[in-house]
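Here is a short briefing on one structure. Take the points topic by topic, with the model beside you.

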Amino acid sequence: MKVPFVDLYAQYLSIKEEIDQAIAQTIKNTSFIGGKDAREFEAQFADYVGQKHCIAVGNGTDSLEILLQAYEIGPGDEVIVPVHTWISTAEVVSSAGAIPVFVDTDPDHYTIRVDEIEAKINERTKAIMPVHLFGMPADMDPIMELAKKHKLIVIEDAAQAHGATYKGKKVGNFGHAVSFSFYPGKNLGAYGDAGGILTNDDEIARRCRMIANHGQLSKHDHQMIGRNSRLDGMQGAILKAKLPYLDRWIALRQQHAQSYTELLSGIPGLKLPEVAKDCTHVWHLYVIQHEKRDEIKEKLKGKDISTGIHYPHPLSLVPAYAHLGYKKEDTPKAVDYLPRILSMPIYPEMTEEIINYVVTELKASLG
Ligand SMILES: Cc1ncc(COP(=O)(O)O)c(C=O)c1O
């Protein structure tokens, strides 16, 4: 049996009529940039998360970078980020001219180690960007307490965590603003690049919308230096068609994660993902740990089962950040666990048969 890492075509087939109609309608309306569907998606997603404003932009990297610009974070400033995340979280800080300050991450939940944040705060620190990695919320209460104490901005990176909750509230309702990615493989994915900025702050929302559209709110009224990062009309229409299914897809991911956990528990040397207290996990990724990670990955590949490594290196040690001079000892937890992580296939359309096959082959690969 061939098991893909995700099956976006199966998802398309499950809602084919709505998607085909959304695309056809966009072409008919020739609303290729922005337009009615994009605006309606913004309003519906803002409502889904529980924030006042949603500004849909070109991708989830732009959304973070536009937020940094809106908060006037730039040269001379530092921004605290987790060392284990997709590079965008740190890259946008560098693109803004500021310096990312890496903090170690937790081997059980893969989120930033909050106890280590305060030691990194100094007079140059302007913001903290916690990441709800793999769909697991970061520990937001202590982060917000620190932010209040040191007058810092908090931008949640929820690229992988649409709909996840912390203490009963959806992620995106804790920081000053939140960024989402709608990259195709995300839990809510477009059919190309797309991202979203959400906030309750009217002024930040206004600035973000301007920055994303050449510094203008109305045509040729360029109030500031901006860029071109707008949602394609077609992506807006597709996301609008998909949003009503998001909770059902999350529930299916949760069901599959529970099956994996039940079927794989108690195997010596195999560490399964844990859900932190008071959180719901939306399982963008189901990540296990094992000493023989590379061998397991190869054996599963031999059985046509795709797995992934998200992500292989602590960002502090990748060549792009060599100039910052970090050492392995600076983030010992991430350095220790990253060589063991392996992301298993997980997507809503998975069947019990697929899960059983993956579990059987994973067990066999452990010898
Ligand atoms: C944690 C995290 N932050 C930011 C991004 C950037 O999103 P995009 O790929 O839409 O630019 C991603 C997407 O991969 C991500 O996983």
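Around the ligand stand 15 residues, and Gly-60, Thr-61, Ser-88, Ala-159 and Ser-181 come nearest. A residue counts as near if its C-beta atom, placed from the backbone, lies within 6 Å. This is a predicted model: local features need pLDDT of at least 70, side-chain atom pairs count only at pLDDT 80 or more, and totals for chains, interfaces and linings use all residues. Numbering starts from 1 along each chain as its sequence is written.

**Ligand shell**
- α4 (60-70) and α5 (88-95) are the elements that give two or more residues to the shell. Helices (H or I, at least four residues) and strands (E, at least two) are DSSP runs, numbered from the N terminus.
- By class, the shell has 4 nonpolar, 9 polar and 2 charged residues.

**Helix packing**
- α4 packs against α7 (residues 202-211) at about 120 degrees, with the axes 9 Å apart.
- The two helices, α4 and α7, are therefore oblique to each other.
- Ile-66, Leu-67, Gln-69 and Ala-70 in α4 meet Ile-204, Arg-207, Cys-208 and Ile-211 in α7. Contact requires C-beta atoms, placed from the backbone, within 7 Å.
- This contact of α4 with α7 divides into 6 nonpolar, 1 polar and 1 charged residues.

**Sheet**
- An open sheet of 3 strands runs in the order β7-β6-β10, with antiparallel pairing. Pairing needs at least two DSSP bridges.
- β7 (169-170) and β10 (279-280) stand at the edges with a single partner strand each, so one side of each lacks a neighbour in the sheet.
- β6 (residues 165-166) is joined to β10 by 2 bridges.
- Tyr-166 stands opposite Cys-279 in β10.

Definitions and conventions:
Ala, Val, Leu, Ile, Met, Phe, Trp, Tyr, Cys and Pro count as nonpolar, Asp, Glu, Lys and Arg as charged, and the others, Gly among them, as polar. Axes are lines fitted to C-alpha atoms, for helices over the stretch in contact, and angles run from 0 to 180 degrees between N-to-C directions. Angles under 35 degrees count as roughly parallel, over 145 as roughly antiparallel, 65 to 115 as roughly perpendicular and the rest as oblique. Two residues are in contact if their C-beta atoms, placed from the backbone, lie within 7 Å.
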